[in-house]
Amino acid sequence: MARVRQAMQPHGFRGRVFGRLMDRFNASAHNFAFKRLDVHNSDRVLEIGFGTGRLARKLAKAARDGLVGGVDPSELMLETAEKRTRRFRKKGRVELKLGDASALPWPDETFDKAAALHSFQFWSDPAHDLAEVHRVLKPGGLLLLILRAHRKAGPKWLPNPISRSGQEIAGVLQLLTDNGFVGTRLEGKVGSSAVLTARKAA
Ligand SMILES: C[S@@+](CC[C@H](N)C(=O)[O-])C[C@H]1O[C@@H](n2cnc3c(N)ncnc32)[C@H](O)[C@@H]1O
């Protein structure tokens with residue numbers, strides 16, 4: 001059986017160590033995303049691939065009368081993020097689920113905003129998964145993607161064909177447009193990662 005990479009699905013003792021490293025090295029991306037999402041009191045925000053839940057907790061603090069939903073396929077990350085967001089979950093304001101971008105367990109038009117930080121490269125069917133994100137966003141809803149942009153083609157083991165393509169940014173921008181997003185743009189960089197945004201048409 002193929003080895004499951006820690007970045008793709010943190011697990012076991014090494015996954016805990018990996019989680020600590022993500023908290024440290026992804027903090028600037030979390031802080032950037034938090035500001036860019038500009039979360040208001042009543043916002044409903046989705047995070048795809050929430051990892052240790054560091055960003056989810058910040059979002060929950062800001063969305064005081066809203067909701068933070070999230071999916072991640074790693075049991076270890078779910079457990080870690082659930083601990084971090086316990087007080088918000090008790091109030092029903094955070095819903096974290098084991099799963100992935102391919103089947104988001106919420107009804108159509110649930111969220112005002114959605115974000116995926118350093119997880120897109122693991123989406124095995126990016127067109128289908130972006131259509132799924134589009135489905136759960138409200139009209140006018142914002143999608144923020146922070147991509148671990150690969151200089152050339154990403155490693156062969158990545159499940160996402162676009163991330164292996166060497167034309168990653170252009171490929172994602174095109175796919176966003178193909179899946180009904182508007183205002184699609186590359187906003188710049190945070191660290192060495194690319195920042196892309198798009199909206200569901202109002
Ligand atoms: C490199 S970590 C980034 C975690 C967090 N977003 C951060 O920036 O600190 C990638 C995360 O994406 C999750 N993941 C992997 N495949 C996924 C998929 N198909 N859909 C959603 N999340 C996925 C992993 O379990 C892991 O927690």
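These legends go with close-up views of helix packing, a loop residue and the ligand site in a predicted model.

The model is predicted, so local features need pLDDT of at least 70 and side-chain atom pairs count only at pLDDT 80 or more, while totals for chains, interfaces and linings use all residues. Residues are numbered from 1 along each chain as its sequence is written, and side-chain values use heavy atoms, with hydrogens and water left out.

**View 1. Helix 1 packs against helix 4.**
Here residues 12-25 (helix 1) meet residues 75-84 (helix 4) at an angle of about 50 degrees, and the axes sit 10 Å apart. Helices (H or I, at least four residues) and strands (E, at least two) are DSSP runs, numbered from the N terminus. Axes are lines fitted to C-alpha atoms, for helices over the stretch in contact, and angles run from 0 to 180 degrees between N-to-C directions. That is why the pair, helix 1 and helix 4, counts as oblique; angles under 35 degrees are roughly parallel, over 145 roughly antiparallel, 65 to 115 roughly perpendicular and the rest oblique. The crossing is right-handed, meaning that the near helix is turned clockwise from the far one by less than a right angle. Helix 1 brings Gly12, Gly15, Arg16, Gly19, Met22 and Asp23 to the contact, and helix 4 brings Leu76, Met77, Glu79 and Arg84 (contact means heavy atoms within 4.5 Å). Sorted by class, the contact of helix 1 with helix 4 holds three nonpolar, three polar and four charged residues; Ala, Val, Leu, Ile, Met, Phe, Trp, Tyr, Cys and Pro count as nonpolar, Asp, Glu, Lys and Arg as charged, and the others, Gly among them, as polar.

**View 2. Helix 1 also meets helix 2.**
The two axes come within 4 Å and cross at roughly 55 degrees, which makes helix 1 oblique to helix 2. Met22, Asp23, Arg24 and Phe25 of helix 1 touch Ala27, Ser28 and His30 of helix 2.

**View 3. Helix 2 lies alongside helix 3, roughly parallel to it.**
Helix 2 (residues 27-37) and helix 3 (residues 54-62) pack at about 30 degrees, axes 10 Å apart. Their crossing is right-handed. Ala27, His30, Asn31, Ala33, Phe34 and Leu37 of helix 2 face Arg54, Leu55, Lys58, Leu59 and Ala62 of helix 3 in this contact. The tally by class is seven nonpolar, two polar and two charged residues.

**View 4. Arg64 sits in the loop between helix 3 and strand 2 (67-72).**
Leaving aside residues up to four places away in sequence, Arg64 touches Asn41 and Arg93. Its C-alpha atom is 9.6 Å from that of Val39, 25 residues away along the chain.

Look for the polar contacts, pairs of N or O atoms within 3.5 Å. A side-chain N or O atom of His30 is 2.8 Å from a ligand oxygen, and a backbone N or O atom of Met8 is 3.3 Å from a ligand oxygen. A polar backbone atom of Leu117 lies 2.8 Å from a ligand nitrogen.

Conventions: Polar contact = N/O pair within 3.5 Å; in protein donor to acceptor, adjacent residues only side chain to side chain.
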